[in-house]
Amino acid sequence: MTGSPAYGSNSAMPESAPAGAGMDVGARAVAARAPLLEVRGLTKAFGGVQALRGVDFDVRPGEVHGLVGANGAGKSTLIRTLAGVQRPDGGTILIDGSPVEILDPQHATRLGLNFIHQELNQVPKFSALENLILGLDKPTRAGLIDWVAVRRDVAPVVERLGMTFSLDTPVEQLSVAERWLIAIGHALVHRARLIAMDEPTASLSAEEVGRLFGIVRELARDGIAVIYVSHRLDEIIELCDRTTVLKDGQLAASFDRSNVTKEALITAIAGGEIETTVAGSASAASARPVLEVRSLRRLPAVRDVSFTVHEGEILGLGGLVGSGRTEVARLVFGADRLEAGEVSLDGRPIRLRGVADAVRLGIGLVPEERRSQGLVLRQTVAANLALPHLARFRIVPRLPLISLARMRSEARQIAQRLQIKAPSVTAIVGELSGGNQQKVVIGKWLGGQVRVLILDEPTRGVDVGARAEIHRSLRELASSGTAILVISSDEEELPGLCDRVLVMVEGAIAGELRGPKITRQAIRRLSYAHTQGGLVA
Amino acid sequence: MILGMLPHHQPTTPARRRLVVFLGQYGTIVGLVLMVVFFSLARPAIFPTWNNLINVVNQVSLTAIIAVGLTMPLAVGEFDLSIGYAASLAGVLVAGLMVNQGVPWPAAVAAVLALGALIGLVNGLFITKAGVNALIATLGTGTILVGFNYAYTGGSAIAFGLPDAFRVLTARGVLGIPNTIFIMAGIVTVLWILLNRTDLGQSIQAVGGNPVAAALSGIRVERVKTIAFVVSGLCAALTGILLTARIGSGESTAGDGFLLDAMAAAFLGSATLRDGEFHVLGTLIGVLIVGIGFNGLNILNVPTFSQFFLKGAMLIVAVALSSIARRHAKA
């Protein structure tokens, strides 16, 4: 698209609500507007699976529209269709009341629709500035990019979003929150009229979430429509003007600010089938230590960490993103080398030379990123489940031949135990919904004799139903004697699940909570309790 | 706003999508069948005969062996560009050991196979331990092998004095079928089992699919990759040995051309039956397509130079098919 390079001027936008208008006035003004985007009777099938069965949905300019639903309910399919990544089988998409056919992602962008995915499709080595204008026709001078003009043009966006960091920093050196600002800025320089955000707060701290909300509200005040996809219902309730709940590829319910409650949302999402609140954990923990960690160090992320996980215990590791929890998990799992410290398993000191050693000793890790770290997406459920202990499926111990039939029958047992919803264990993992994929990553460790299972964000981006099932499975696993370490940034997760919680701050343990003392408030308070003595040089 | 100016595209209907998927997975097989039917109708007296069948399969056997070997590095997500040069070196060396050094043929064969494994090991270690890009590493080792080759032969063929017993490898055996075919069938079977029915094969597929997830599942990724290169080196050496036995002399550049044929076959194969994954059976089908194509054109008396057109075009089409298959797998 060519045109004047004054990015972010939003000339195509309808009149904004009057500045300084109160929330209610704004909301009423929004309700009166004609929809910017309207979807009627959208259908889409993949193979035999009907992902969308006639979805109706509309977004008005200047509103924040929540989109929730269990994994597999059709949210991603709806978003991908709007983004031009895939074509619908049937139904109509209207923009400003006239039907359009969204041909490809570039076309969606030209129509003013912008999509920010959880993974933030940015080029890590590029500077913030380069990512900001990625995919845009740049002003040139004698055939070269005129960076002075670029900077001048993006200045309003930078100011509007309050970006305080240098635009010359490569984005790989920026925090997730800063990268989100760039993603939103990217949408603005492309003159977005609608921005869809997928789980924007998944990796943000409470404070950063607050800032993001401020920005989203400001965007809405300027007349931009925001689709906000999230599993965090508290955030949906706080932020969204309207909320649409999808279930089984159909509209299950829709709420507006005046009548939305958490219970109502959960009921609509789950359809009343699933237990949604988790009863207090049964403390099956014995006094027998399984994993003992002493003075673990690997700078800069891990300064000094000691803890013990007992047989049958679920130990939580709380704290802010970046406090060193993932790094501790990687050290215990042998994925990184220790600089100092000791690890013992069942009373015997162990020295891991690599992940293979850890796996052999019965230590398992469910990594943070299920798609990129946990699964071989193009392989079957059975092949993925068998991955950590392939040698167990040998027909004769000395020969490398394996029995696929035994691999499949064991996979079926694990799938049943974890309630993995897949057509069969020979289904391709990449085609399952997020919650079921996560269950496969956990299931990988159920086939062997797992003594210690470490889970890094086990239910991130997983719907409430699957989440309850995962929690129940973890408790079962603990009661059979496995020591479990759970890392979670989700404030609601650790209190319901853990026997004990340690909170990390800047590479060290800041405090411990037990039983009824494990509350969101307590974890949050400890997370900000900066340790005395400062950082080790 | 801009909508009016855009060309109106036909939406992809489910039927059309299904056709694309079908062509992706079975297109190569359909192509193979069509080719056989076409040549059979064009030359009914020559093409569809037992003799010609044996002839074609015999011709493609060496390509099949080197190509299924190459399938292993490809399956772990790497490349091996050294195989053609490795085959050439193996060919002259096995001849030289027997003719110049008077080594008995089984010992010469064993030594050259060991050298092939060593070449693979070196490739694997450069790539996994030193972190050299596989294309560069194997191009480098391949070029060094050319150097050894010329140093050993001075560029001239080792043509006389090959023991007759050695040539039993490619002579006609049971039912008049050349032994090469049996060897090829054996190698293909072993590698099919290796890739599909062993824990190593599962590891190879996992490493090719997602090396990070494989490593975090306790798979020794570096070791698996190195083994894949060793298999590829072994198969290249065996191909070189059989080539020398077949043509009756060790020639410095005789094996070089196998790289392109093997590559074309493996990429054609990766678009067959599975979504862009490299697998043994697919590679074999790829080899047959390439081989039958050339055989048919020969029978039709198409001039030799046009075979290069076919070969080049086939390589490009193969890679295109493979990447289309992979894209569909992602969608």
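**Two chains, element by element**

Reader: Which residue with a positive phi follows H2(A)?

Author: In this predicted model, helix H2 covers residues 75-82 of chain A. The phi of the residue that follows H2(A) is positive, near 80°. That residue is A:Gly84.

Reader: Which residues of helix H2 (residues 75-82) of chain A are buried?

Author: A residue counts as buried if 20 or more other C-beta atoms lie within 10 Å of its own. In H2 of chain A, the residues that count as buried are A:Lys75, A:Thr77, A:Leu78, A:Thr81 and A:Leu82.

Reader: How many helices and strands make up the secondary structure of chain A?

Author: Chain A has 537 residues, of which 47% count as buried. Its domains are domain 1 (36-112 + 194-201 + 226-273), domain 2 (289-362 + 450-530) and domain 3 (376-448). The C-alpha centres of domain 1 of chain A and domain 3 of chain A are 32 Å apart. The secondary structure of chain A comes to 18 helices and 22 strands.

Reader: Which strands of chain A stand at the edges of the open sheet of six strands?

Author: The order of this sheet in chain A is E6-E9-E10-E3-E11-E12, and its pairing is mixed. Two strands have a single partner strand each, so one side of each is left without a neighbour in the sheet. These edge strands of chain A are E6 (113-116) and E12 (250-256).

Reader: How many bridges join E9(A) to E10(A)?

Author: E10(A) also pairs with strand E3 (residues 64-69) of chain A, in the parallel sense over four bridges. In that pair, A:Val64 is opposite A:Val226. E9(A) and E10(A) run parallel too, with A:Ala196 opposite A:Ile227 of E10(A). The number of bridges that join E9(A) to E10(A) is five.

Reader: Which residues of E10(A) point one way, and which the other way?

Author: In a regular strand the side chains alternate between the two faces of the sheet. E10(A) is mostly covered, with five of its five residues buried. From E10(A), A:Ala225, A:Ile227 and A:Val229 point one way, and the other way point A:Val226 and A:Tyr228.

Reader: At what angle to E10(A) does helix H7 of chain A run?

Author: Helix H7 consists of residues 206-221 of chain A. It lies across E3, E9 (194-198) and E10 of chain A. Its angle to E10(A) is about 145°.

Reader: Is A:Val376 buried or exposed?

Author: A:Val376 is located in the loop between H12 and H13 of chain A. Its contacts beyond four places in sequence are A:Asn384, B:Ala206, B:Gly209, B:Asn210, B:Ala213 and B:Ala214. Because A:Val376 has 24 C-beta neighbours inside 10 Å, it counts as buried.

Reader: Which element gives the largest share of the side of chain A that touches chain B?

Author: The contact takes 34 residues from chain A and 28 residues from chain B. Helices H11 (355-360), H12 (370-374) and H13 (381-386) of chain A each give two or more residues to it. The residues on the side of chain A divide into 22 nonpolar, five polar and seven charged. The largest share of that side, four residues, comes from H11(A).

Reader: What is the radius of gyration of chain B?

Author: Chain B has 12 helices and zero strands. For its 331 residues the globule rule gives 20 Å, and the value for chain B is close to this, so chain B is as compact as a globular protein of that length. The radius of gyration of chain B is 21 Å.

Reader: What percentage of the 331 residues of chain B count as buried?

Author: The C-alpha trace of chain B spans about 80 × 55 × 35 Å along its principal axes. Among contacts in chain B between residues at least 6 apart in sequence, 78% join residues at least 24 apart. The share of residues of chain B that count as buried is 48%.

Reader: Is B:Ala130 buried or exposed?

Author: B:Ala130 is placed in the loop between helix H4 (105-128) and helix H5 (134-153) of chain B. Its C-alpha atom is separated by 41 Å from that of B:Gly293, 163 residues away along the chain. Because B:Ala130 has 8 C-beta neighbours inside 10 Å, it counts as exposed.

Terms used. Residues numbered from 1 in each chain as written. Chains lettered and ligands numbered in written order. Predicted model: local features only at pLDDT ≥ 70, side-chain atom pairs only at ≥ 80, totals over all residues. Rg over C-alpha atoms; globule rule 2.2 N^0.38 Å. Buried ≥ 20, exposed ≤ 12 C-beta atoms within 10 Å, placed from the backbone. Contact = placed C-beta atoms within 7 Å. Domains from an automatic or database assignment. Pairing = 2+ DSSP bridges. Axes fitted to C-alpha atoms, helices over the stretch in contact; angles between N-to-C directions. Nonpolar A, V, L, I, M, F, W, Y, C, P; charged D, E, K, R; others polar.
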